[in-house]
Every structure is written in C-alpha cells, then in structure tokens.
Amino acid sequence: MKYQLLNRQASLLQDLEGVMDEADSFEEWQELATQYDAVSGGDQWRKTPASQRYDHASITRRLRRLRRLRRADDDRGLLFALNEGIHGNMAGMGRANLYQPAKCGTKHLIEDYIDEICAALEHLAGEGGRAIPLVERFEFFQRASHCYGRSALMLSGGGTLGYFHFGVLKALVEQQLCPVVISGASAGAFVAAVMGTRTDREFLALFEDNYLARAMTENRGKIKIGFGMDAQVDMPAIRREMGRLIPDMTFLEAYEKTGRSINITISPAEPKQESRLLNHVASPNVTILSAVLASSALPGVFPPVQLEAKDDHGAVKPYLPKRRWIDGSFSQDLPAKRLARLYGVNHFIVSQVMPGLGREPSTRPGIYQIISDAWVAATKKLVRGSLDAVQRYTRVGARTGSVLNALNGLIDQQFTGDINIFPGYGYSSLGKLLKVLTEEEMRELIKAGERGTWPKIPIIRTTTRIGRTIDKILHHYELEQTHWLKSSPNTEEYRSAASAPAKGRKRASSAAPSRSKKKPATRDRRDPGEAVAAV
C-alpha cells in the first residue's frame, strides 16, 4: 500500500510538471505550483523554520529584534540594528538550494525576515523616522545601497535563438522585477536595445496581438544570411529591419527616457585591441543601433561594423572611424566584472539561450564534479597558453589574429550567474541559429522565454526585494548626484512607486520630500548634505 501511494504521488507530480511546462500565464503556473507543493510536501517544508541549509536560529533572533524595535518606535535602535549589516546572504539565507524543495518560494522565516527589513527601511524613510535628521537618514540609505549592491540582467548571444530573451523580459516586466541594469551581446544586444529604448508600458505593448512576432518576420523573405556570405549580405537591409524596432537614439537619450542602463558588448575586429562595453556612462553619444549592428556582426556572416555617434548638433558621425567591431559574444558574452565596477552590481541574473553553455552550480558538489571542474579549468589554461604562444612567437595575419583573440575570449568566459534562466529546448535547436524564423516559430520562442522565467520568479522576487526597496526609497527622495552610482533609478516602475504610498506601511510617508522638478545631475555640485536640506 505504501509503495502504491508513493507511485501515485510520483505520477501526480510528473503530471503536474507536464502541465506547468505548458502553462499560458504566470498566474496559471503559480496555481499549478501551489498544487505541486501541496502534493510534494514543499508547502510544509516552507512552514518549518529549521533547516541545515541556513542558520535559522540567527535569522529568528534578528527578526524578533527588528520587530520589537520598529513597533516600539525606537528609531535609533532600529538604525543601529540595520547598520550592523544588510545583505542578501545573511546567515546563508541567499543560497540557491533553499529554493529547490518548493516551487513557490523558500522558507516563510526567510520571507518574513526580508519583509521586516523592508518594513524597517520604509519606517525610517517615512514619518516614523522623523526622530533622525533627514541628512543622516539619506546618508544611511546611500551607504546601504552601496554596500548591498544592485542586480543586473545579462542577456547572452545565440543567433535567432536570442529572441528567447524577449519572453524573459516580458515575464520580468509584468512582475515588476526587471533590473535597472541590463547587458546584451549579439542577439542579446538587439533584445536589450528594443527594451532599453521603451518604457515598461511601451515594451509590453509590443506583445499585444503578437505585434512583435509579426514585425520581426514579415520581411523574412528579403533577408539572406549564412556562413561565408559576409561579403554578399545586404547590410543596409539589415540596418533597416533593425531600425524598425530600435529608435534613432543614443545611449544617453535612452537612459534619460527610460531610467534603465543598457549595456552592449562589442569585440575588436583587429588584433591587439580591447573589447568594449557601450553604455550611457562610457559612450553616451554612441547610437544604439550602430552598437547593436556591431555586437551582432558574427564573423563569416556579417562584415565588421563601424560605430556611429551624434555630435552636439544631433548629426550622426563616425565614432572611432579607424576601428571596426564584431560580435560581442566573442569577448564578453556576460560582462559581470565591468557591470560590477560601473554600477555596484553584485547579483547577476543570466538568460542563457545556447544549449550546453553554462550549468546550474551544484549545491552539493560531489567528487566527480570537483574533478570535472578542475579538469575544465586546467584545460582552459592549457589551451589559452597555447593560443598566447602562437600569437607571441609566430607571425599571423590580422584575420588569424582576430580569430585567436576571439577564441581566447570565449575560453575565458563565465556563462552563468547567481540566478540562471535556461531554455527548455536542447541541441536540436542549434539548427535555428541563423535561420530566419517564421511568425509561429517566433511566438514559440518568446513563449519559451516566459515559461523558462516563471519558475525563477519566486527566487528573483525574494533575493532582489531589499535592493528594490532601497532604490525606491532613494528615488522617493529624488536626490541626484554627479555620478549615476550616487543617484536612484528612474524607471517607470520606480516613478509609479514613488507617487503612491507603500503597501503595508504603518504610517504614511508624509515626511518624505515632495516631488520637485529635476535638474541635470552635472549642474548640481552641492554637498550631499546641502542637497538633502534643500529638498
């Protein structure tokens, strides 16, 4: 009888997983996930605080302390407690294996603790924190933002398979979980550009009545691409097709419109040159369309591309006219280090479309995986050393040198992040890498991106909530400094949140500064304390 029950349970769970894989919306997926957790015991696991996967006793003590201080209106004590440390992996609570036993989330204790931290932050930001001077509170939130860090979404390359990213972004935007910082390489650059030049509302409108799928496929018969066709490809036609969805904007213009920082990676076509990460900080006047064309220039398929930029009068001119650029995936498909340095990012969400590239880090690595990882690392070092020796001690042409540089870049890359979104398709889909897709294939690929993202929504919502709360508080203060790192996000999501009272707040934030007309950040050179006082 016991085995029959177990077999019946296993069969039911398998059936539920099959239905979840075919869900048409996140709400439908979530309802099925709730049923799955009820059958598997995941809901009971979430209710039980104890686990060897994290220090539940420490989290429990800290949660009780924060609740007691906030309810007693002990603002100084609350500020001191928060200053002891706010980070996403307190007592191990950010570990990925805490999101595996249940589909709908992690331990309720962890979620309650994060809820309480956010409530404490909002308490200090609002009327409840009046006992602490505004200057001191603002300095605390700036410090907390810098120490806690931000999340970034990195979109990999992958030819036409990269349109999978559209579904990923749609799912994240609908749940108001899309990071402010987004990077893209090759196909990921195209998707990032379409997203980064539109507000959230405008982006979601692209999916109404399958407009996006139709717009990207209606001229499919006019586009001919393939390996070895780089000399014959009609680049003006490619540019016109991309220009239908990518407005004539620079990186700075896109940032000023949307509040999102779009980053596009490009690789040098010549040897002895360095790859670049284009964005509104490092290359504000470069046109996004030329950056996407360069990042998508796969050698053998498209010729190298020259960048363009707008001058002071808005005229488009060559940018670094002696340089040509190729596919960004060759040098930095996922530019984590550069994003960390530019924006203070320490948490990465990766949408990886290429089958076989990257894998979920094992939560309990065995001896086989340890040996396998060591073997891969040793092989990478050996191959890279051999390529360096060839370049150093032999005479190679510019084209060969470019190929060797690209191989070096590919070998040295990481293909996963803290949270990884992988497609459900396998190696059989590699045949579509350079295929001009039909409208039906495009819709299926976008839906695959949504379905690949829905299971990650619980962990993304939980692990990014503190950072999103800090950013919204800083945006509510509307204080701009001379550098983007010291200012708050200005996306549609944060603007709407700042204009409405936070849910679950004990008191209204009437003490927060009122909205005022913004001035260009570079013109306000006042001391941060003076800026706070002025608001």
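## A tour of the aromatic rings

Begin by selecting W29, which is buried at a relative accessible area of 4% (buried means under 20%, exposed over 50% and partly exposed in between, with a 1.4 Å probe and protein chains only). This is a predicted model, in which local features need pLDDT of at least 70, side-chain atom pairs count only at pLDDT 80 or more, and totals for chains, interfaces and linings use all residues. Residues are numbered from 1 along each chain as its sequence is written, and side-chain values use heavy atoms, leaving out hydrogens and water.

F26 and W29 are three residues apart in helix α2 (residues 26–40), about one helical turn; helices are DSSP runs of H or I with at least four residues, numbered from the N terminus.

Next, select F166 and F190. Their rings form an edge-to-face aromatic pair, 6.2 Å centre to centre with 90° between the planes (rings of Phe, Tyr and Trp, the last by its six-membered ring, pair if their centres lie within 6.5 Å; planes under 30 degrees apart count as stacked, over 60 as edge-to-face and the rest as tilted). F166 is in helix α8 (residues 164–174) and F190 in helix α9 (residues 187–196), so the pair ties together parts 24 residues apart in sequence. Both residues, F166 and F190, are buried.

Last, select K107 and W45: the charged end of K107 sits over the ring of W45, 4.1 Å from its centre (NZ of Lys or CZ of Arg within 6 Å of the ring centre and within 35 degrees of the ring normal).

Notes
Helix = DSSP H or I, 4+ residues; strand = E, 2+ residues; numbered from the N terminus.
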